[in-house]
Amino acid sequence: MRRVLALGVAAAAAGAGMVVAFAPAATAAAACQVDYKVNQWSGGFTADVKVTNFGTAITSWTVSWGYAGDQKVTNAWNATVTQSGSAVTATNVAWNGTLASGGSTSFGFQGTYAAANPAPAAFTLNGVACGPDVTPTTSAPTTTPTTPPTTTPPTTTPPTTTPPTTVPTTPPTTGPTTPPAQNCVATAICDGFENQTGAAPSGNWAVTYPDCSGAGTAAIDKTLAHSGATSLRVNGAEGYCNHVYVRNTAILGTTSNVWYVRYWVRHTTALPAAHVAAVAMRDANDGGKDLRFGGQNGALQFNRASDDATLPEQSPAGVALSAPLPVNTWNCVEFKVDGRDGTIETWLNGTSVPGLLEDGVATHDIDGQWLNRTWRPSLTDLKLGWESYGSGADTLWYDDVAVSAMRNGC
């Protein structure tokens, strides 16, 4: 019999960590190896989990573990991951359930924590606990891995929207500066502008000038990017006729009535006191007017073009419940617009912004003005750019755009 020792579980610490565990052969699950590698930053982390089957072939798998800390899984890729209290369960998706003897598959997820992020102490595969003693089959590796193995691709061709399974290898200093494969969930349409070859946006992206054109410009930038080598650069000029956007009419097609939009943006000038917009989406249910997202009084805000309602209300208390957009750094902006009930939620760098939450219940200083009428949006395009309705110029870079019916995360 060959004796294999499981690697010890380290306490929470910044940077990557790994735990390897083995399960004994049993009728419910073959002997297995689980490699768990973490990349963490203050308050958040990603994990890459590799499962290797050392026994007879299986056609589906469930990997379970428990957290000793206060970790919460927020989203996942290449597996369906659920959590109840401290217990977490990951089940295969359609294309990676079959594991031959010696076969491996990987999945990943993103999570948050408040106090600590210790790695799991043990795993189970199909309900059988992992343990230190195992007799591998002849197809098992002959040595215990000492470094995280490389990602094994699926044995069958996955859907074209399946994201890569690699994750960042170093913790960012201000939240995740390189999300796992743009953190593109399987149901999302994602675009990091990497397929753009010329200076002018092309393909699904086209430059447009609402109302009138002027000094505002937009171009593909190969010198600065959030991930990869390409981003969209917008030189936003001051004044109404300098509006410029880059429009995509296909990227919202992943869902019909709930839109989770995620993008990374970097800009050079603090949001001005005057009203500006950086994102606009045509609302077919509101006379074709745009739902706009930008800023006013130095903080982020939504603006409904049809009646000029704002979220939050532009009172001092309302503005204080929003947030500024930090300059000269990449920021992850996410928002959900629900066409079924008209609700909105917004996250900046993974944190929900109270002043940008429209929950259907009128709250003074937040969404009281917004809810002065029934609003059930039907969004038909996504425009990234810059509108100035008075003072305010800015240079912005956009990258790693994702739209789906579920939250992508950062």
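Buried, in this talk, means under 20% relative accessible area, exposed means over 50%, and partly exposed is in between, with a 1.4 Å probe and protein chains only. With that, C332 is buried, because its relative accessibility is 0%.

A word on the source. This is a predicted model, in which local features need pLDDT of at least 70 and side-chain atom pairs count only at pLDDT 80 or more, while totals for chains, interfaces and linings use all residues. Residues are numbered from 1 along each chain as its sequence is written, and side-chain values use heavy atoms, with hydrogens and water left out.

Back to C332. What is it joined to? A disulfide, that is, a pair of cysteine sulfur atoms within 2.5 Å, links C332 to C410, with S to S at 2.0 Å. The two cysteines sit in distant parts of the chain, 78 residues apart: C332 in strand 21 (residues 331-338), and C410 in the segment after strand 25 (394-404). Strands here are DSSP runs of E, at least two residues, numbered from the N terminus. The link is left-handed, with -90° about the S-S bond. C410 is buried as well, because its relative accessible area is 4%. The disulfide count comes to 1. Another cysteine, C32, has a relative accessible area of 0%, so C32 counts as buried.

On a 1 Å grid over the protein atoms alone, a cavity is a set of points where a 1.4 Å probe fits but cannot get out; a pocket is an open set with protein on both sides within 12 Å along at least five of seven lines; lining residues have an atom within 4 Å of a point. Points are joined across faces, edges and corners, and a volume is the space filled by probe spheres set on them.

How many cavities of 30 Å³ or more are there? The count is 1. The largest cavity holds about 100 Å³. Its lining has 14 residues, and Y263, A278, G294, L300 and L325 lie nearest the centre. Strand 16 (258-267), strand 17 (276-282) and strand 18 (290-296) each supply at least two lining residues.

For classes, Ala, Val, Leu, Ile, Met, Phe, Trp, Tyr, Cys and Pro are nonpolar, Asp, Glu, Lys and Arg charged, and the others, Gly among them, polar. The cavity lining has 12 nonpolar, 2 polar and no charged residues.

Last, the second largest pocket, at about 260 Å³. It is lined by 16 residues, with P210, D211, G288, D290 and K383 nearest its centre. Strand 18 and strand 24 (382-388) give two or more residues each to this lining. By class, the pocket lining has 4 nonpolar, 3 polar and 9 charged residues.

Terms used: Helix = DSSP H or I, 4+ residues; strand = E, 2+ residues; numbered from the N terminus.
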